[in-house]
Amino acid sequence: MLQAVEEDIRSLVEGLNFKQKVDRSLSLIEQAHKQFGDELVVANSLGKDSVAVWHLAKKISPDIRGFIVTTRFKPPETVLFMEEEVARYPELRVFRNDTEIPDKLYETAPDRCCDLLKVAPARQAIAEMNVDCWVTGLRCTEGRTRVDFQEVEQRDEGLLKLNPILIWYEREIWEYLALHGVPVNPLYGEGYRSLGCGPCTRITTDSNERAGRWVGTSKCGGECGIHTRPLKLVDGAGI
Ligand code: SF4
């Protein structure tokens, strides 16, 4: 049975080769799928890491479901890619919050903006899809805010979080996607390395893959909150 455990993640990142990492990821998803069945759901942000995890999950079972959280600020290329992904995989459900928010909230209060437009729909997805285990494309080599995660985590009661590609390098993601001919968001061709909403995402050459996110704000290189805030709330409070 999968349980949250503390592991020396750095030694796994540096010690395993590409094939060993792929096998480890598949094994983690397989174990979780055996344990949770249809209550296991993959989060898909439409970035390179998400499409890699989605492809891995589909090798374990074509029936695995997923959800996409989108916002009114996603670039047109991402919206088009999302439509193509949903057409390819109708078992991907899309969640968004269309509530009215103050103009340019992403400039004045980006944490609040992400909370409303990203975290709230993620909570809604977890609740509506009856999720007991969610699978993410989070990687510990992406940047400073991602070094302390584990492959199996229990952040919310009743919700296991699986990060099956946590130990992959950026180049190993591209290796996997190229080897399997997995379609990717065309914005990567423009030089982006981490994708988000249009106003909060820039191209970066920094060693920190997420350095182009929320540039010029206190959130620079940071997190939207989906990986740091509670997602399964008692009685749906806060959704
Ligand atoms: S990434 Fe920017 S625009 Fe998108 S929800 Fe967060 S603050 Fe708002």
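**Entry 1: a helix pair.** I looked up which residues hold H2 against H7, and found Phe18, Lys21 and Val22 of H2 in contact with Glu172, Glu175, Tyr176 and Leu179 of H7. I sorted the residues of this contact by type: 4 are nonpolar, 3 are charged and none is polar. I note that the model is predicted.

**Entry 2: geometry of the pair.** I took H2 as residues 18-36 and H7 as residues 170-180. Their axes come within 11 Å and cross at roughly 80°. I count angles of 65 to 115 degrees as roughly perpendicular. H2 and H7 are therefore roughly perpendicular to each other.

Entry 3: Next I checked strands E5 (residues 152-156) and E6 (residues 159-162). I found them antiparallel, joined by 3 bridges. Asp156 has Leu159, in E6, as its bridge partner. I see 2 residues between the strands of this hairpin. Gly158 takes a positive phi there, near 80°.

**Entry 4: the whole chain.** I then stepped back to the fold. I list 7 helices and 6 strands for the protein chain. From the N terminus, I read the order of elements as α-α-β-α-β-α-β-α-α-β-β-β-α.

**Entry 5: overall dimensions.** Along the principal axes, I get a box of roughly 45 × 45 × 35 Å for the C-alpha atoms.

Definitions and conventions
Residues are numbered from 1 along each chain as its sequence is written. This is a predicted model: local features need pLDDT of at least 70, side-chain atom pairs count only at pLDDT 80 or more; totals for chains, interfaces and linings use all residues. Side-chain values use heavy atoms; hydrogens and water are left out. Axes are lines fitted to C-alpha atoms, for helices over the stretch in contact, and angles run from 0 to 180 degrees between N-to-C directions. Helices (H or I, at least four residues) and strands (E, at least two) are DSSP runs, numbered from the N terminus. Angles under 35 degrees count as roughly parallel, over 145 as roughly antiparallel, 65 to 115 as roughly perpendicular and the rest as oblique. Contact means heavy atoms within 4.5 Å. Ala, Val, Leu, Ile, Met, Phe, Trp, Tyr, Cys and Pro count as nonpolar, Asp, Glu, Lys and Arg as charged, and the others, Gly among them, as polar. Two strands pair if DSSP finds at least two bridges between them.
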